[in-house]
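Dear colleague,

I am passing on the structure below, followed by an account of what was found in it. Please read the notes with the coordinates open beside them.

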Amino acid sequence: MKVDTKVFGSLSDKEEAHLFTFQNSNGITIKVTNYGGTVISILVPDRDGNVDDVVLGFDNIDGYLGKHPYIGSLIGRYANRISNGKFILNEKEYSLYQNDGKNHLHGGLKGYDKILWNYNEYADINRAGIMLSYLSFDMEEGYPGNLKVDVNISLGENNELTFEYVASTDADTYLNLTHHGYFNLNGAKDLIYDHELLINASHYIETDKHLIPNGKLIKLNGGPLDFNIEKPIGADISKLANGYDHCFVLNKRDVHPEFAARVRHMGSGRMMEVYTTEPAIQFYSSNFLKGIKGKGNIKYRKHLALCLEAQHYPDSPNHPHFPSTLLKQGEVYKQTTIYKFLTE
Ligand code: GLA
């Protein structure tokens, strides 16, 4: 495989974002920019060989500099919410930027979605990708510790789009990284109601109306949130106030990525499977999406796309019984999440 590199656009006189294109021999083409580590497009053939773009995004850098809700980007230092933008670590209270009411969301004012990452592109016979790296400085957005983050984003001949994250810090910190792709397996021609979803989860994390966990994990047994038996996203969505924006606790995790979710679009025959080492996955049905013009002049609207964000539980620093998101000095953080594209 090979990587095609070109300039994507300027952020300032000194800063230029690049665009990297990887293509495999099965007709899958992925475009990624080092601005926000953002996946801009994923072209996938349907069962008849017709190609569509299965993620939302923008044609040029300006779209990403505007007010876009994390479309296709990396998220850090902490994906999802931290209540009141506060946590206590080693007996010291830290205050984070409050960008979601009084809560902290997706890393704050300038999260990893707005960073111009250093890059190194690479390719071999079976895989092409970019290795992104960023040194997040001590007290950036209020978080302690100089944190070195590497994210390897790659496409394989096996049709897997893989995110491998590695991080280390010089002082204890909290960390929760994810990728925030907005998928529509029918090329955003219609809302996602006809996409069939299965989530390999035993529980979901109960939250208040601001999407902050109350500490309780609720067992899934039937009802609108239960996707243990595959069902169309549209089947029960109207029973929820605004749509899906829930964190699901995944069954058995390991050091190797395990099956987390599957989305199928019967009409086109496209299917996507998600595998991860993370303990949870946020299923978000783009409830807040509106008033944005995306690629090809398509008007982005509520429920046009779905996000499956592999991650730790929201607000973990304030819930000691949740799996820990603490990264200690000297330890290494690792995550692997895979989006695999198939046709049936
Ligand atoms: C996540 C959150 C949503 C929303 C989107 C971005 O999925 O859970 O509530 O903030 O990101 O708009």
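This is a predicted model: local features need pLDDT of at least 70, side-chain atom pairs count only at pLDDT 80 or more; totals for chains, interfaces and linings use all residues.

In what follows, a residue counts as being near a molecule if one of its heavy atoms lies within 4 Å of it.

**The ligand**

There are 13 residues around the ligand, and those that come nearest are Arg-81, His-106, His-180, Asp-245 and Glu-309. For Arg-81, an N or O atom of the side chain is 2.6 Å from an oxygen atom of the ligand, while for Glu-309 the corresponding distance from a side-chain N or O atom to a ligand oxygen is 2.7 Å.

An open sheet of five strands runs in the order β19-β18-β21-β24-β27, with antiparallel pairing. Its edges are formed by β19 (213-219) and β27 (307-311), each of which pairs on one side only. On average, and with direction ignored, neighbouring strands of this sheet are turned by 30° against each other. Within the sheet, strand β18 (residues 201-207) and strand β21 (residues 245-250) run antiparallel and are joined by three bridges, and His-203 has Val-249 in β21 as its bridge partner.

Another open sheet of five strands, again with antiparallel pairing, has the order β1-β2-β3-β4-β5. Here β1 (3-10) and β5 (51-53) stand at the edges with a single partner strand each, so one side of each is left without a neighbour in the sheet. The twist from one strand to the next averages 20°. Strand β3 (residues 29-33) and strand β4 (residues 38-45) run antiparallel and are joined by five bridges, with Ile-42 in β4 as the bridge partner of Ile-30.

**Strand β14 and its neighbours**

Strand β14 (residues 160-169) is mostly covered, in that seven of its 10 residues are buried. What does β14 pair with? Strand β13 (residues 147-156) pairs with β14 in the antiparallel sense over nine bridges, and strand β29 (residues 333-343) pairs with β14, also in the antiparallel sense, over eight bridges.

**Aromatic rings**

Over the whole structure, a search finds 20 aromatic pairs. One of them is formed by Phe-163 and Tyr-165, whose rings are stacked, at 6.3 Å centre to centre and with 20° between the planes. Both Phe-163 and Tyr-165 are buried. In the pair of Phe-259 and Tyr-275, by contrast, the ring centres are 5.8 Å apart and the planes stand at 65°, so this pair is edge-to-face; the cut-off behind that step is an angle over 60 degrees. Because Phe-259 lies in strand β22 (residues 258-265) and Tyr-275 in strand β23 (residues 270-276), the pair ties together parts that are 16 residues apart in sequence.

A charged side chain comes into the picture at Phe-227, where Lys-231 lies over the face of the ring, at 4.7 Å from the ring centre.

**A further residue, Lys-299**

Lys-299 is found in strand β26 (residues 299-300) and, at 58% relative accessibility, counts as exposed. Lys-299 and Ala-188 are 111 residues apart in sequence, yet their C-alpha atoms are 9.6 Å apart in space.

With best regards

Terms used. Residues are numbered from 1 along each chain as its sequence is written. Side-chain values use heavy atoms; hydrogens and water are left out. Rings of Phe, Tyr and Trp (its six-membered ring) pair if their centres lie within 6.5 Å; planes under 30 degrees apart count as stacked, over 60 as edge-to-face and the rest as tilted. Buried means under 20% relative accessible area, exposed over 50%, partly exposed in between (1.4 Å probe, protein chains only). Helices (H or I, at least four residues) and strands (E, at least two) are DSSP runs, numbered from the N terminus. A charge sits over a ring if NZ of Lys or CZ of Arg is within 6 Å of the ring centre and within 35 degrees of the ring normal. Two strands pair if DSSP finds at least two bridges between them. Axes are lines fitted to C-alpha atoms, for helices over the stretch in contact, and angles run from 0 to 180 degrees between N-to-C directions. A polar contact is a pair of N or O atoms within 3.5 Å; within protein, one must be able to donate a hydrogen and the other to accept it, and residues adjacent in sequence count only if both atoms are side-chain atoms.
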